[in-house]
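Thanks for asking me to look this one over. Here are my notes, in the order I would go through them with you.

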Amino acid sequence: MTRTAEARATDLDAPRLYDGVRTRRMMSFVVDYALVLLLSVPAAILVFILGIVSFGLAWGLYAILLPVIAIVYIAFTMGGAKQATPGMRVAGLRVARLDGAGVDPTLAVLHGVLFWASVSVLTPFVLLVALFTRRKQLLHDLLLGTAVVRDR
């Protein structure tokens, strides 16, 4: 690990970065979920029109519509320069890697997929993990070496 990466990783130990993070994460989830649903409306209309043109063949795209939109949404927002989805920015949060490097689109998508997998298995109890970790990390954060921190 380089000196700069060590300094950034050590900066992530500041308690002020984690004040109210659990509540803010829940709020940002609701905002992001609403945005993904909003983005799915024009996509659903497009699939409907494609289905008419293709005599119903394109209607099979409805099965993957929401996951694809969510993956693209996460890749371009959390994996972008701001390291946060729009919901996270509203809540004043960003994702940080513990090794100090930036979050790339692949890691962002993996973060989202592991989140949904853990929520599917553990339901809302996934939030209990954050009660017992120093950086208020959830299961997928621990697995990927990330933490969600306050940006302001």
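1. A word on handedness before we start: a crossing counts as right-handed if the near helix is turned clockwise from the far one by less than a right angle, and as left-handed if it is turned anticlockwise. Please keep in mind, too, that this is a predicted model.

2. With that in hand, take α2 and α3: their crossing is right-handed. The two axes come within 9 Å and cross at roughly 130°. That angle makes α2 oblique to α3, because angles over 145 degrees would count as roughly antiparallel and 65 to 115 as roughly perpendicular.

3. Which residues make this contact? On the α2 side they are Asp-32, Leu-35, Val-36, Leu-37, Leu-39, Ser-40, Ala-43, Ala-44, Val-47 and Phe-48. On the α3 side you will find Tyr-62, Leu-65, Leu-66, Ile-69, Ala-70 and Tyr-73. Sorted by class, the contact of α2 with α3 holds 14 nonpolar residues, one polar and one charged.

4. Now for α3 and α5, where the axes come within 8 Å and cross at roughly 135°. This makes α3 oblique to α5. The crossing in which α3 passes α5 is right-handed.

5. In the contact of these two helices, α3 contributes Ile-71, Ile-74 and Ala-75, and α5 contributes Pro-105, Ala-108, Val-109 and Gly-112. By class, six residues in the contact of α3 with α5 are nonpolar and one is polar, with no charged residues.

6. How much space lies in it? The figure is about 750 Å³. Its lining has 32 residues, and the closest to the pocket centre are Phe-29, Ile-74, Gly-112, Phe-115 and Trp-116.

7. Where does the lining come from? The helices α2 (21-53), α3 (62-77) and α5 (105-122) each supply at least two of its residues. The largest share, nine residues, is from α2.

8. Finally, the overall layout. The chain has six helices and two strands, and from the N terminus on its elements run α-α-α-α-β-α-α-β. Taken along the principal axes, the C-alpha atoms fill a box of roughly 60 × 35 × 25 Å.

Notes. Residues are numbered from 1 along each chain as its sequence is written. This is a predicted model: local features need pLDDT of at least 70, side-chain atom pairs count only at pLDDT 80 or more; totals for chains, interfaces and linings use all residues. Side-chain values use heavy atoms; hydrogens and water are left out. On a 1 Å grid over the protein atoms alone, a cavity is a set of points where a 1.4 Å probe fits but cannot get out, and a pocket is an open set with protein on both sides within 12 Å along at least five of seven lines; lining residues have an atom within 4 Å of a point. Grid points are joined across faces, edges and corners, and a volume is the space filled by probe spheres set on the points. Helices (H or I, at least four residues) and strands (E, at least two) are DSSP runs, numbered from the N terminus. Axes are lines fitted to C-alpha atoms, for helices over the stretch in contact, and angles run from 0 to 180 degrees between N-to-C directions. Angles under 35 degrees count as roughly parallel, over 145 as roughly antiparallel, 65 to 115 as roughly perpendicular and the rest as oblique. Contact means heavy atoms within 4.5 Å. Ala, Val, Leu, Ile, Met, Phe, Trp, Tyr, Cys and Pro count as nonpolar, Asp, Glu, Lys and Arg as charged, and the others, Gly among them, as polar.
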